[in-house]
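Please read them alongside the coordinates.

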Amino acid sequence: MLSSFASKYLKSSQRSLSLLDQQGLSMTQILQIQSQLIVSGSISDPFVAGKIIAFCATSEHGDLSHACHLFRLLPHRTTFIWNTMIRAFAEKNESTRAISLYRQMLESGFLPNNYTFSFLLRACADLSDFTLGLISHAQIIRMGWEAYDFVQNGLIHLYASCNCMDMARKLFDMSLNQDVITWTAVINGYAKSGQVVIARQLFDQMPEKNAVSWSAMITGYVQIGSFKEALELFNDMQLAGFQPNHAGIVGALTACAFLGALDQGRWIHAYVDRNKINLDRVLGTALIDMYAKCGCIEMARRVFDEMSLRDVFAFTSLISGLANHGQSASAMELFMRMQNEGVEPNEVTFICILSACSRMGLVEEGLRIFESMNKVYGIEPGVEHYGSLVDLLGRAGMLEEAKKMVREMPMEPDSYVLGALLNACRVHGDVDLGKETIECLVEQSLDHGGVHVLLSNMYASANQWGNVAKVRKGMEEKKVRKVPGCSLIEVDGVVREFVAGDRSHVFREDILLLLLGIDKNLKSFWFDDDYTMVEQIYL
């Protein structure tokens with residue numbers, strides 16, 4: 001069928017050129033057209049060659065490597081052809097090659113135009129190359145291209161990506177044609193730099209919004225941990241008639257994961273299925289993380305199995321979820337499967353799998369995995385990995401080995417490492433080592449309220465009531481208070497927060513009555529302790 005296509009339509013270079021303007025051409029057809037143009041000699045025409053290169057470099061069905069090969073063989077190039085290749089590399093996230101090609105363009109005697117700079121600025125932003133961005137900005141001013149909208153947007157995006165919001169805001173305020181792209185670029189910059197209040201003020205002032213601007217604001221809230229605000233904005237986005245895009249969905253799922261908003265997360269999952277949105281690695285991992293953190297580990301498994309491509313983040317997310325749900329054996333099996341499929345673990349993967357080993361008491365396996373980090377995968381263990389190893393040894397009752405690990409680790413132990421050792425001391429009743437560990441925490445100014453309470457409980461377990469009183473008195477003198485615990489629950493799609501000791505809730509009396517009933521019912525079966533559930537909540 002393809003040969004008949006060639007014989008019927010490729011009779012002259014003129015017809016070949018007209019075919020290049022058709023939609024849906026394949027690379028095979030393009031190669032046939034190119035062959036005809038070579039035979040006729042028309043390929044030496046830069047206009048003709050530019051069309052071939054443009055298709056190969058930027059089309060969905062193109063072949064960038066073939067475009068590069070043809071580009072190198074061209075005896076005559078134009079600014080359009082240089083721009084096409086620079087654009088292709090920038091859009092394919094090969095920014096280093098785009099910048100290298102730009103330098104070759106200058107060395108070849110070609111002057112860049114406004115299109116060249118728009119692609120170059122994108123590459124600079126992708127690499128956060130602030131120095132080259134400044135040089136490019138100076139060239140843009142000298143050549144008079146600064147007034148063009150897409151060049152201005154590129155500059156704003158560049159400075160925002162490099163966390164230089166003063167320059168980005170100055171350009172934004174100077175812009176005479178502030179379109180939705182301009183607004184979104186500066187809002188995204190403020191959001192990424194943590195200045196969400198300013199970003200929200202600008203967002204509310206936007207004359208026109210699109211799905212990208214909504215998503216930028218949602219992602220900004222997620223990055224600073226304002227998950228409730230992120231979900232509220234996600235709902236406002238839909239009420240305003242905007243369909244959430246990929247970034248907005250991922251941001252909302254991340255917020256659902258941290259808030260435990262399972263109903264909202266399920267709705268988003270249904271939306272993804274209903275609209276046949278591709279379950280790529282980023283979206284799939286966000287769903288796995290949401291279900292795992294909301295307690296639905298089987299749904300997390302199902303999403304994982306539905307993914308056609310799984311990377312280290314998808315594997316790590318499910319391994320973490322399995323370990324946190326008491327399914328450490330399944331986490332270990334998944335870790336083995338990950339290695340068998342050729343997916344290399346990263347630093348976070350090792351933290352999760354060491355945690356699984358700790359909960360299963362697999363000391364030898366945990367030590368072997370820890371050693372493999374550097375020897376097999378070239379990953380230098382960090383303080384979190386040493387903390388996981390200390391926790392593994394401590395849970396197994398190997399306190400001397402854990403203490404030795406803390407002393408010999410190549411960096412200063414942080415609160416996570418010392419906390420793991422302190423917890424092991426509490427579990428195994430080693431008061432002396434616990435006191436020594438707390439002294440280390442005091443030296444690092446990490447002696448928060450929870451640490452003192454833990455030491456007090458250790459003394460109480462050892463019937464050292466004098467030391468208990470001493471610790472409590474020291475807390476009063478230092479005005480150290482234990483940070484109250486809090487919990488979240490989703491009711492009718494709304495996330496409610498409860499803080500231990502908080503008596504301000506409007507339904508406090510009703511909640512207390514219900515808890516007393518639950519407490520009494522549990523005690524009639526098996527629950528018995530030194531103090532009741534209600535007392536625990538308000539301590």
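**Notes on the model**

1. At 15% relative accessibility, Phe227 counts as buried, because the cut-off for buried is under 20%. The model is a predicted one.

2. The rings of Phe227 and Phe258 are stacked, because their centres are 4.5 Å apart and their planes meet at 5°. This pair links distant parts of the chain, with Phe227 in helix 15 and Phe258 in helix 16, 31 residues apart.

3. The structure holds 16 aromatic pairs. One of them, Phe130 with Tyr159, is edge-to-face, with 6.0 Å centre to centre and 70° between the planes. Phe130 belongs to helix 9 (residues 130–143) and Tyr159 to helix 10 (residues 149–161), so this pair ties together parts 29 residues apart in sequence. Tyr159 counts as buried at 1% relative accessibility, whereas Phe130 counts as partly exposed at 31%. Elsewhere, ring pairs join Tyr115, Trp145, Tyr148 and Phe150 into a cluster.

4. Does helix 14 lie mostly covered or mostly open? It is mostly covered, with 10 of its 13 residues buried. Among the buried residues are Trp214, Met217, Ile218, Tyr221 and Val222. The cover over the buried residues of helix 14 includes helix 12 (180–192), helix 13 (196–205), helix 15 (227–239) and helix 16 (246–259).

5. The length of helix 14 (residues 211–223) can be checked. At 1.5 Å a residue, its 13 residues should span 18 Å, and the end C-alpha atoms are 18 Å apart, which agrees. At the start of helix 14, a side-chain oxygen of Asn210 comes to within 3.1 Å of the backbone nitrogen of Val212. Gly225, which follows helix 14, has a positive phi, near 85°.

6. Over residues 311–345 the chain is 74% helix and 0% strand, with the end C-alpha atoms 9 Å apart. Over residues 346–381 the figures are 81% helix and 0% strand, with the end C-alpha atoms 11 Å apart.

7. On the chain as a whole, the secondary structure comes to 31 helices and two strands. Of the 539 residues, 46% are buried. Among contacts in the chain with a separation of 6 or more, 56% are between residues 24 or more positions apart. The chain exposes about 28600 Å², of which carbon and sulfur atoms supply 53%.

How values were computed. Residues are numbered from 1 along each chain as its sequence is written. This is a predicted model: local features need pLDDT of at least 70, side-chain atom pairs count only at pLDDT 80 or more; totals for chains, interfaces and linings use all residues. Side-chain values use heavy atoms; hydrogens and water are left out. Helices (H or I, at least four residues) and strands (E, at least two) are DSSP runs, numbered from the N terminus. The expected span of a helix is 1.5 Å times one less than its number of residues. Buried means under 20% relative accessible area, exposed over 50%, partly exposed in between (1.4 Å probe, protein chains only). Contact means heavy atoms within 4.5 Å. A polar contact is a pair of N or O atoms within 3.5 Å; within protein, one must be able to donate a hydrogen and the other to accept it, and residues adjacent in sequence count only if both atoms are side-chain atoms. Accessible areas come from the Shrake-Rupley method with a 1.4 Å probe; for residues, only the protein chains shown count as cover. Rings of Phe, Tyr and Trp (its six-membered ring) pair if their centres lie within 6.5 Å; planes under 30 degrees apart count as stacked, over 60 as edge-to-face and the rest as tilted.
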